[in-house]
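Here is a short briefing on one protein model. Please look over the sequence and the structure before reading on.

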Amino acid sequence: MHSDDIAAGRKRWQDRYEAARKRDADFTTISGMEVDPLYHPPEGQDDERFERIGWPGEYPYTRGLYPTGYRGREWTIRQFSGFGNAKQTNERYKMLLAAGGGGLSVAFDMPTLMGRDSDEAASAGEVGHCGVAIDSVSDMEILFDGINLQDTTTSMTISGPAIPVFCFYLAAAERQGADITQLDGTLQTDIHKEYIAQKEWLFPPKPHLRLIGDLMEYTSSTIPRYKPLSVSGYHIREAGATAAQELAFTLADGFSYVELGLSRGLDPNKFAPGLSFFFDSHIDFFEEIAKFRAARRIWARWLRDTYGADSERAQWLRFHTQTAGVSLTAQQPYNNVVRTAVEALAAVMGGTNSLHTNALDETLALPTEESAEIALRTQAVLRDETGITNVADPLGGSWYVEALTDKIEAQAEEIFRQILALGGEVGDADAAEVTKEAFDRHEVGPITTGILRGIDDGWFTSGIADSAFRYQQDLEQGRKHVVGVTGHTDTVSKELDILRISHEVERDQNELLKDRRAKRDQAAVDASLEDVRTASRGSANMIEPILNAARREATLGEICGALKDEWGIYREPAGY
């Protein structure tokens with residue numbers, strides 16, 4: 001880019017920076033040295049790379065979404081938490097909020113994630129163990145007791161039964177007296193990554209996509225601040241994907257949901273801002289920073305050039321980050337504090353909008369209050385002591401970081417071409433351009449067609465398995481290292497005290513569920529479940545029938561069971 005163009009861009013950025021809101025904070029170094037809010041090529045110097053790097057707050061958003069960086073708004077500290085029953089988790093939430101958490105992120109137990117009630121035979125031994133047990137709206141009421149949902153952004157990490165759980169959340173907010181049109185939060189709802197990596201689905205893909213489309217329509221018209229989809233790469237990376245695979249598979253999933261919205265006649269300028277992303281931050285510091293920067297750039301370009309979104313907010317890739325659970329070790333668990341800090345720093349240097357830091361004991365059990373506090377304080381130290389919030393994209397222009405960003409972007413674009421080929425679109429043209437021209441040839445959109453074929457063929461899972469195998473070989477052959485596991489194994493560390501979930505949680509939850517069933521209006525429940533079945537056979541939006549069932553104390557297992565009766569269940573093709 002010519003120096004005159006860079007100077008014009010600098011002036012444009014400076015004007016936007018001065019007009020934006022800044023935090024009331026000291027933006028100097030610990031020694032009192034003044035630092036600029038942004039660094040860029042020296043005046044009068046050409047820089048051929050700069051068109052791809054750009055300015056914070058401007059397309060292609062490589063350097064961030066806001067001209068102020070974190071000077072305007074820091075990332076949200078959002079700790080993922082849930083265990084036992086709703087009352088126990090409610091107490092943990094109040095502790096996290098009091099300790100400086102900026103929002104809540106709900107972790108559900110395995111029966112809830114699979115759309116089952118706690119008293120089903122398949123739920124035995126799992127109730128409350130990997131998250132909180134939620135069987136009905138009454139559990140959701142207890143979960144948020146004393147926490148004003150209208151004033152608290154709430155993220156819920158669940159996909160298969162996401163819509164019934166979302167309806168429990170809405171019904172609980174109504175019981176608090178909240179105006180549900182003003183709710184703000186995020187529902188994961190990303191069913192593609194379940195088929196690709198996490199394996200927590202209920203139905204075949206198309207019924208799931210129908211529910212997601214219904215949710216997008218409903219939130220767009222009724223709850224405009226609520227984000228109906230958090231497209232998740234985290235679980236893809238945790239399954240063994242590389243950074244480029246995580247990025248490409250996740251963004252492709254996001255493109256598919258854009259195609260879903262377009263198929264419903266929705267305006268991308270209105271619904272695309274309701275899409276957010278959820279990424280893993282792994283231990284390779286610079287690779288992760290490059291991944292986040294490339295993600296913003298790819299998303300902005302595809303949304304603008306392929307899907308026709310011309311507003312800034314529709315082109316923004318907003319994302320939550322969680323540090324890499326798979327990088328933590330049971331051996332020498334205090335090393336995990338260091339790993340988490342490095343991974344959190346990478347997420348912040350990459351411009352994350354919100355962040356969860358894993359606790360040191362999460363390879364052994366759910367976090368204790370002490371380990372959860374250390375994880376939370378890790379973010380506070382980064383935010384308040386290190387000076388990293390003073391400068392937007394401090395590594396922008398680094399030869400290494402920019403080269404890595406370009407390389408990861410190129411690898412992602414090659415994966416997009418492979419996904420298009422799975423759907424029958426081949427050729428050497430730019431993948432975004434092929435997608436733009438291919439809409440009329442595909443019932444559900446060209447990227448979606450490729451994803452569905454890749455799910456059926458096992459293409460995604462085999463690609464992740466190959467990557468995981470290569471990494472394991474690198475560990476075993478000494479090319480990669482994990483401290484405390486493949487080397488430096490001597491230790492003076494003692495065994496940790498860990499959080500154990502009593503079997504009484506399951507017993508008490510089942511008794512509570514039995515009592516609720518006995519006290520509810522069964523005829524009203526049966527009628528509402530029949531309304532759900534009837535709606536599932538037609539084409540009307542499914543949210544209101546499911547919400548009405550939630551209001552009448554229908555359970556999660558009953559609602560999901562009614563839909564399984566009509567749509568069946570999905571069984572993964574065998575792979576070898």
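Strand β7 (residues 319-323) is mostly covered, with five of its five residues buried. The model is predicted. The points below take the strand, its partners and the nonpolar cores in turn.

**Strand β7**
- Both faces of β7 are covered.
- F319, T321 and T323 are buried on one side.
- H320 and Q322 are buried on the other.

**Pairing partners**
- Strand β6 (residues 275-281) runs parallel to β7, and five bridges join the two.
- F277 stands opposite F319 in β7.
- Strand β8 (residues 354-356) also pairs with β7 in the parallel sense, over three bridges.
- T321 stands opposite L355 in β8.
- β7, helix α14 (residues 335-349) and β8 form a β-α-β unit, and this unit is right-handed.

**Nonpolar cores**
- In soluble globular proteins, nonpolar side chains tend to be buried together.
- The largest nonpolar core here holds 73 residues.
- The residues with the most contacts inside this core are L247, L251, F255, F279, W299, W302 and F416.
- Helix α12 (residues 285-305) gives the most to this core, contributing 10 residues.
- Leaving out residues up to four places away in sequence, F255 touches I298, W299, W302, L303, Y307, F416 and I447.
- Another core, of 54 residues, lies apart from the largest one.
- Its members include L143, F166, L183 and V532.

Technical notes
Residues are numbered from 1 along each chain as its sequence is written. This is a predicted model: local features need pLDDT of at least 70, side-chain atom pairs count only at pLDDT 80 or more; totals for chains, interfaces and linings use all residues. Side-chain values use heavy atoms; hydrogens and water are left out. A nonpolar core is a set of buried Ala, Val, Leu, Ile, Met, Phe, Trp, Tyr and Cys residues joined through side-chain atoms within 4.5 Å. Buried means under 20% relative accessible area, exposed over 50%, partly exposed in between (1.4 Å probe, protein chains only). Helices (H or I, at least four residues) and strands (E, at least two) are DSSP runs, numbered from the N terminus. Contact means heavy atoms within 4.5 Å. Two strands pair if DSSP finds at least two bridges between them. A crossover is right-handed if, with the strands pointing away from the viewer, the path from the first strand over the helix to the second runs clockwise.
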